[in-house]
Amino acid sequence: MRAVKQLVHFGWQQALSCLFPVVIFASLALTKIIPLPFLPRYDWLLLICIFMQWWMLRSGLETKDELKVITLFHLIGLTLEIFKVNMGSWSYPEEGFFKIFGVPLYSGFMYASVASYLCQAWRRLDVNLNKWPPFFVVVPLAAAIYLNFFTHHFWIDIRWWLSALVIIVFWRSWVNYKVNGVQYRMPIALSFVLIGFFIWIAENIATFFGAWQYPNQADAWSLVHLGKVSSWLLLVIVSFLIVATLKQVKGKNL
């Protein structure tokens with residue numbers, strides 16, 4: 001019985017941490033089903049995301065330091081989107097006034113929502129890191145993973161080598177978290193895999209509601225290839241490493 005209670009409490013804290021992503025998915029579904037007037041759908045999504053970000057800061061759900069982290073992810077994600085769209089990896093076929101090189105500005109908030117989740121969950125579950133690798137190892141690894149998203153179009157794809165390197169670097173690392181005052185722990189590598197898998201599920205929901213479109217979804221929606229889990233896994237690792245490093249530098253109240 002206690003185990004069920006702990007699981008329910010853990011799930012509730014996770015749900016609260018996912019508030020920003022939930023609003024994005026709800027907005028995607030709403031604007032897909034009910035066309036809104038005056039502005040294209042992508043622009044409505046941008047306005048909803050901006051309002052949500054403002055409300056979370058104003059209500060105290062996010063701190064100013066967390067907003068800085070989330071803004072960084074917005075820029076990182078938008079840069080990646082612009083590159084990938086112009087390389088033909090996926091597209092945003094609908095119209096929109098607020099587009100840069102074919103990419104609607106709301107797309108950066110989808111990456112920012114991952115950072116929002118990490119920051120929220122970190123605080124709600126009182127996360128601590130055990131045997132975290134040194135700064136001079138973590139930063140180059142995160143940079144190499146991010147750069148590979150760009151360079152594999154012109155050079156070999158080294159994602160599996162980088163994945164193996166992540167396992168080696170974080171082999172002895174654990175994430176400690178609390179649920180109702182009871183402390184638990186999980187291998188950090190496992191947490192990467194779990195978050196990456198659930199983001200892949202979220203990606204299927206997002207593409208179903210037309211957030212973006214892969215080439216094989218041009219005629220009709222189809223399940224996103226399971227191989228995309230590896231891409232999201234690596235992106236989650238970059239996100240986690242940035243948030244964790246900033247938490248280590250500035251303290252847990254970030």
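Which side chain does Lys 178 meet in a salt bridge? The close-ups below come from a predicted model.

**View 1. Lys 178 and Asp 126 form a salt bridge.** The partner of Lys 178 is Asp 126, at 3.6 Å from N to O. The pair links distant parts of the chain, 52 residues apart. Lys 178 sits in strand 4 (residues 174-179), and Asp 126 sits in the loop between helix 5 and strand 3 (128-130). Lys 178 is partly exposed, at 33% relative accessible area. Asp 126 is also partly exposed, at 28%.

**View 2. Glu 94 and Arg 41 form a salt bridge.** The structure holds two salt bridges. Here the N to O distance is 3.0 Å. Glu 94 lies in the loop between helix 4 (64-86) and strand 1 (99-100), while Arg 41 lies in helix 3 (residues 41-59). Glu 94 is partly exposed, with 27% relative accessibility. Arg 41 has a relative accessible area of 11%, so it counts as buried, under the 20% cut-off.

**View 3. Ile 145 belongs to the largest nonpolar core.** This core has 64 residues. Leu 129, Trp 132 and Ile 145 touch the most other members. Helix 5 (residues 107-124) gives the most to the core, with 11 residues. Leaving out residues up to four places away in sequence, Ile 145 touches Leu 162, Val 166, Leu 234, Ile 237 and Val 238.

**View 4. Nonpolar side chains make a surface patch.** The patch covers about 580 Å². Its members include Leu 190, Leu 194, Phe 197 and Ile 205. Leu 194 lies in helix 8 (residues 188-208). Leu 194 is partly exposed, with a relative accessible area of 36%.

How values were computed: Residues are numbered from 1 along each chain as its sequence is written. This is a predicted model: local features need pLDDT of at least 70, side-chain atom pairs count only at pLDDT 80 or more; totals for chains, interfaces and linings use all residues. Side-chain values use heavy atoms; hydrogens and water are left out. Patches are made of residues with over 30% relative accessible area and no salt bridge: like charges are joined within 9 Å, nonpolar side chains (Val, Leu, Ile, Met, Phe, Trp, Tyr) within 5 Å. Accessible areas come from the Shrake-Rupley method with a 1.4 Å probe; for residues, only the protein chains shown count as cover. A salt bridge is a side-chain nitrogen of Lys or Arg within 4 Å of a carboxyl oxygen of Asp or Glu. Helices (H or I, at least four residues) and strands (E, at least two) are DSSP runs, numbered from the N terminus. Buried means under 20% relative accessible area, exposed over 50%, partly exposed in between (1.4 Å probe, protein chains only). A nonpolar core is a set of buried Ala, Val, Leu, Ile, Met, Phe, Trp, Tyr and Cys residues joined through side-chain atoms within 4.5 Å. Contact means heavy atoms within 4.5 Å.
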